[in-house]
Amino acid sequence: MAIYKSGQRRADGYDTHTHLNDDTFWHDVPAYFGRATEFSIVEMNIVGYDAQSNERAIQLAHEFEGMHAVIGWQPEDILEMNDEKLAAFRKQLQDDTVIGVGETGLDYYWDDNPSAAEQKKAFIQQLTLAHEFNLPVTVHTRSAMADTYQALKDAHVEEFGGVMHSFTGTPEEAKQFLDLGMYISFSGIATFKNAKDVQETLKSVPLDRLLVETDAPYLAPTPMRGKANEPMYVHYIIDYIAELLGKSYDEVAEMTTNNARRLWHLDQAK
Ligand SMILES: [Zn+2]
């Protein structure tokens, strides 16, 4: 339990998906991390998406206690993934700060993304590595729910675990992923006034499978919507969920932190 800035004690929070490895934050990581810890957000996954951001994620996780590296290739960058980079990636997966694979997944929303076939190939390749190294997978999906589900099911994700990050699907879709043993993570999108459907989904997720994330620098939560997002704002998401579920801030912080530590095997020595 850390001391909250106002003097109030708050349970430790865990931002399970943030990009302090992004250029937006890279110039001043200690300040962003310091602000987060003032709000008792003391643990976070630094999530990579290409060669440079993966390297930076590992660097930060070595430098800051409370930061963990999750490394992968997002759909729009998979064409860069040649044999040489793949070999380097395999090596990085064995670093002791790396707790998961991602973000990876399928994104059919953007017309200029690689083809569905190319995306599936890279996604399956990363799922295979996650399985081989027994690392949970952080999954991005957009306009590709059915194919994402099929790939995870075929890869036997239940054997190595995973999370659907910044989830915006229906309760029925969430249930499909839950049935594969996966966790569901909600970002600031869940706090938006017009996101009633996402809030319905959130309420349907079992409490022991629920995670929170900022996905900073993208999509700041209410009341910071439209402003620059950063990891400390995960406290607004925890607050919002507490109100939605009729629980206290501390209950939701503790629950989501425990869930994250369970999924990423942080209570066991690596
Ligand atoms: Zn992300």
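Residues are numbered from 1 along each chain as its sequence is written, and side-chain values use heavy atoms, with hydrogens and water left out. Because the model is predicted, local features need pLDDT of at least 70 and side-chain atom pairs count only at pLDDT 80 or more, whereas totals for chains, interfaces and linings use all residues.

The zinc ion is coordinated by H17 (NE2), H19 (NE2), E103 (OE) and D215 (OD), at 2.1 to 2.4 Å. Donors are N, O and S atoms within 2.8 Å of the metal (3.2 Å for Na, K and Ca); water is not among the atoms, so sites may look incomplete. Along the chain these donors have the spacing H-x1-H-x83-E-x111-D.

Strand β6 spans residues 98–107; ten of its ten residues are buried, so the strand is largely enclosed by the rest of the structure. Helices (H or I, at least four residues) and strands (E, at least two) are DSSP runs, numbered from the N terminus. Strands pair if DSSP finds at least two bridges between them. Strand β5 (residues 67–71) pairs with β6 in the parallel sense over three bridges, and A69 stands opposite V98 in β6. Strand β7 (residues 137–142) also runs parallel to β6, joined to it by five bridges; T104 has V139 in β7 as its bridge partner. Together with helix α5 (residues 116–133), β6 and β7 make a right-handed β-α-β unit; right-handed means that, with the strands pointing away from the viewer, the path from the first strand over the helix to the second runs clockwise.

The largest nonpolar core has 75 residues, and those with the most contacts inside it are L20, M67, V137, L152, I184 and F186. A nonpolar core is a set of buried Ala, Val, Leu, Ile, Met, Phe, Trp, Tyr and Cys residues joined through side-chain atoms within 4.5 Å. A second, separate core of eleven residues includes V163, L211, W264 and L266. M182, in the loop between α7 (171–179) and β9 (183–186), is buried, with a relative accessible area of 0%. Leaving aside neighbours within four places in sequence, M182 is in contact (heavy atoms within 4.5 Å) with residues including V139, L152, V163 and R209.

Conventions: Buried < 20%, exposed > 50% of the residue type's maximum accessible area, 1.4 Å probe, protein only.
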